[in-house]
Amino acid sequence: MNKIKSWAAQDLSFPGRVTLINSVLNSMPIHCMRSLLIPNSFLHQLQSIFSAYLWSSTKSRSIHWVAWDTTTLPLTRGGLNLKYVRHFYLALASKLTSKLLDLSSPAQPLWCTVLRYKYNFLTGPPPPPQT
């Protein structure tokens with residue numbers, strides 16, 4: 001939040017703020033979103049921060065001229081092509097889940113193997129150590 005406050009929104013044009021949200025602000029929480037279970041309240045708060053920054057002005061209270069659902073539409077449908085944080089998080093979580101459930105890949109990541117054996121997930125107990 002402090003980083004966003006340091007970027008003076010009144011110094012940027014509206015398209016500049018849209019570009020900043022798309023390129024910088026959406027990419028900042030990606031690492032946490034890829035590996036942690038994030039509560040919906042946090043995702044909603046993050047969405048509120050993005051929205052407040054987009055519509056910020058020099059006045060003390062800014063007016064949100066368009067609903068966030070409209071701003072997330074593609075440009076061809078009249079939106080600003082911004083990401084809806086909750087949908088983006090669900091996509092990342094789905095990708096992580098599909099990696100965990102994919103047993104057909106010959107080279108499984110170590111974290112998948114550890115989680116499967118730890119929780120006895122889709123497999124039996126771990127194989128005995130070979131001597």
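This is a predicted model: local features need pLDDT of at least 70, side-chain atom pairs count only at pLDDT 80 or more; totals for chains, interfaces and linings use all residues.
View 1. The protein chain has 7 helices and 0 strands. Read from the N terminus, the order of its elements is α-α-α-α-α-α-α. Of the 131 residues in the protein chain, 23% are buried. Looking at contacts with a separation of 6 or more, 46% are between residues 24 or more positions apart.

**View 2. T71 and the residues around it.** Start with helix 5, which covers residues 68–71 and includes T71. Is T71 buried or exposed? Its relative accessible area is 1%, so T71 counts as buried, the cut-off being under 20%. Leaving aside residues up to four places away in sequence, T71 touches L54, W55 and V66, and also G79, L80, N81 and L82.

View 3. Which residues make the nonpolar surface patch? They are L96, W111, L115 and Y119, and the patch has an area of about 370 Å². One of these patch residues, Y119, sits in the segment after helix 7, a helix that spans 110–118.

**View 4. Y119 on its own.** Here we stay with Y119, whose relative accessible area is 56%. Y119 is therefore classed as exposed, since that label applies over 50%.

Note on methods:
Residues are numbered from 1 along each chain as its sequence is written. Side-chain values use heavy atoms; hydrogens and water are left out. Helices (H or I, at least four residues) and strands (E, at least two) are DSSP runs, numbered from the N terminus. Buried means under 20% relative accessible area, exposed over 50%, partly exposed in between (1.4 Å probe, protein chains only). Contact means heavy atoms within 4.5 Å. Patches are made of residues with over 30% relative accessible area and no salt bridge: like charges are joined within 9 Å, nonpolar side chains (Val, Leu, Ile, Met, Phe, Trp, Tyr) within 5 Å. Accessible areas come from the Shrake-Rupley method with a 1.4 Å probe; for residues, only the protein chains shown count as cover. A salt bridge is a side-chain nitrogen of Lys or Arg within 4 Å of a carboxyl oxygen of Asp or Glu.
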